[in-house]
Amino acid sequence: MARLTKAQREWRPGMPKKPRSTKMMFGSTVLVLEAFVALFAALALFGLQGRNPAYLVIGGVLALLMVATCAFLARPWGAAVGWVLQLLLIAGGFKEPSMFVVGILFAVAWWYALFAGSRIDRENRERARVQAAWDAEHPDPAP
């Protein structure tokens, strides 16, 4: 039988779910999609620019960094690493000009993921606070 995780072992009926960050989910989605773009851009450059394997290595490393950054988005510096990766993707436009457009569009998507995700997280925290206050004022009557 598979081993249970710590969260599974500690779970009890009636426990509230731990809130998940919408900002992290949105940001992770953008970064994973960008990882695919980095891989496909590397393949395109490999085919168009004389079969230089350096393009594949650089594209692969960039894609791995984008996926790995998803794990660090909860940290204060996680979003800054994401912005650096956005700049690296835009810089790919110096080798393939269409990457300027793709990189800028993904940078806008990254900004929106952080902005909208933060707003939704803030609204969810406020909603949870108001719900907790209401629950404290209106306890369940014992049957």
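Figure 1. The protein chain has 5 helices and 0 strands, where helices (H or I, at least four residues) and strands (E, at least two) are DSSP runs numbered from the N terminus. Reading along the sequence gives the pattern α-α-α-α-α. The radius of gyration, taken over C-alpha atoms, is 21 Å, well over the 15 Å that the globule rule gives for 143 residues, so the chain is more spread out than a compact globule. That rule is 2.2 Å times the number of residues to the power 0.38. Along its principal axes, the C-alpha trace spans about 75 × 40 × 20 Å.

Before we zoom in, please note that this is a predicted model, in which local features need pLDDT of at least 70 and side-chain atom pairs count only at pLDDT 80 or more, while totals for chains, interfaces and linings use all residues. Residues are numbered from 1 along each chain as its sequence is written, and side-chain values use heavy atoms, with hydrogens and water left out.

**Figure 2. A look around L45.** You will find L45 in helix 2 (residues 22-48). Is L45 buried or exposed? With 11% relative accessibility, L45 counts as buried; buried means under 20% relative accessible area, exposed over 50%, and partly exposed in between (1.4 Å probe, protein chains only). In the protein chain, buried residues make up 27% of the 143 residues. Leaving out residues up to four places away in sequence, L45 touches Y55, K95 and E96, a contact being heavy atoms within 4.5 Å. L45 and G92 are 47 residues apart in sequence, and their C-alpha atoms are 9.8 Å apart in space.

**Figure 3. R119 and E123 in a salt bridge.** Here the side chains of R119 and E123 meet in a salt bridge (3.5 Å, N to O), that is, a side-chain nitrogen of Lys or Arg within 4 Å of a carboxyl oxygen of Asp or Glu. Both residues lie in helix 5 (residues 98-137), 4 residues apart, which is about one turn of the helix. R119 is partly exposed, with a relative accessible area of 31%, and E123 is partly exposed too, at 38%.

**Figure 4. E126 and R129 in a salt bridge.** How many salt bridges are counted by this rule? The count comes to 2. In this view, the side chains of E126 and R129 meet in a salt bridge (2.5 Å, N to O). Being 3 residues apart in helix 5, E126 and R129 are separated by about one helical turn. E126 is partly exposed, with a relative accessible area of 38%.
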